[in-house]
Amino acid sequence: MREAQSLVGDSLAATVDDLCQKFGAWKTTHALMRAVWRHRQTKNHISSLSNRMRRDIGLPEDGSLEARFSVWDIRL
């Protein structure tokens with residue numbers, strides 16, 4: 001098993017070098033940034049929600065958000 005892993009598991013630098021040689025540095029960088037952005041978008045955080053939105057979904061209010069203005073606080 002170890003021999004198979006050592007054959008398959010190249011170092012990160014060697015893998016990135018192979019990708020840059022095959023596709024070019026700009027395409028490799030673009031693909032990496034797009035993958036990072038997609039991963040960032042999949043995480044859901046409630047820290048950016050206003051107290052009004054937190055109440056709407058049944059979460060307790062956060063006392064540190066009182067002074068913060070949000071577009072969702074505008075009532076029509």
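**Entry 1: the pocket**

I began with the largest pocket, and I listed its lining as Leu12, Thr15, Val16, Leu19, Cys20, Phe23, Ala25, Lys27, Thr28, Thr29, Ala31 and Leu32. Which elements give two or more residues to this lining? They are helix 2 and helix 3. I noted a volume of about 170 Å³ for the largest pocket. Then I sorted its lining by class and got 8 nonpolar, 3 polar and 1 charged residues. I must remember that this is a predicted model.

A note on the idea behind the search: rolling a probe the size of a water molecule over the atoms shows where empty space is left.

**Entry 2: the whole protein**

Next I stepped back. How many helices and strands are there? I found 4 helices and 0 strands. Along the sequence the pattern reads α-α-α-α. I looked up burial too: of the 76 residues, 9% are buried. The accessible surface comes to about 7200 Å². Carbon and sulfur atoms hold 60% of that surface.

**Entry 3: helix 2**

I went back to helix 2, which covers residues 12–23 and so has 12 residues. From first C-alpha to last, helix 2 reaches 16 Å. That is close to the 16 Å expected at 1.5 Å a residue. What follows helix 2? Gly24 does, and its phi is positive, near 100 degrees.

I also wrote down a rule for reading helices: an α-helix has 3.6 residues a turn, so residues three or four places apart point the same way.

**Entry 4: Leu49**

Where does Leu49 sit? I found Leu49 in the loop between helix 3 (25–41) and helix 4 (51–56). Is Leu49 buried or exposed? Its relative accessibility is 17%, so Leu49 counts as buried. The cut-off I used for buried is under 20%. I checked a distance as well: the C-alpha atoms of Leu49 and Asp62 are separated by 9.4 Å. Along the chain these two residues are 13 residues apart.

**Entry 5: the salt bridge**

Last, I looked for salt bridges. A search of the whole structure gave 1. Which residue pairs with Glu61? Arg55 does, and the closest N and O atoms of the pair are 2.6 Å apart. Side chains of opposite charge can pair when their charged atoms come close.

I then asked how exposed the two partners are. Glu61 has 43% relative accessibility, so it counts as partly exposed. Arg55 has 41%, so Arg55 counts as partly exposed too.

Technical notes: Residues are numbered from 1 along each chain as its sequence is written. This is a predicted model: local features need pLDDT of at least 70, side-chain atom pairs count only at pLDDT 80 or more; totals for chains, interfaces and linings use all residues. Side-chain values use heavy atoms; hydrogens and water are left out. Buried means under 20% relative accessible area, exposed over 50%, partly exposed in between (1.4 Å probe, protein chains only). Accessible areas come from the Shrake-Rupley method with a 1.4 Å probe; for residues, only the protein chains shown count as cover. The expected span of a helix is 1.5 Å times one less than its number of residues. A salt bridge is a side-chain nitrogen of Lys or Arg within 4 Å of a carboxyl oxygen of Asp or Glu. On a 1 Å grid over the protein atoms alone, a cavity is a set of points where a 1.4 Å probe fits but cannot get out, and a pocket is an open set with protein on both sides within 12 Å along at least five of seven lines; lining residues have an atom within 4 Å of a point. Grid points are joined across faces, edges and corners, and a volume is the space filled by probe spheres set on the points. Ala, Val, Leu, Ile, Met, Phe, Trp, Tyr, Cys and Pro count as nonpolar, Asp, Glu, Lys and Arg as charged, and the others, Gly among them, as polar.
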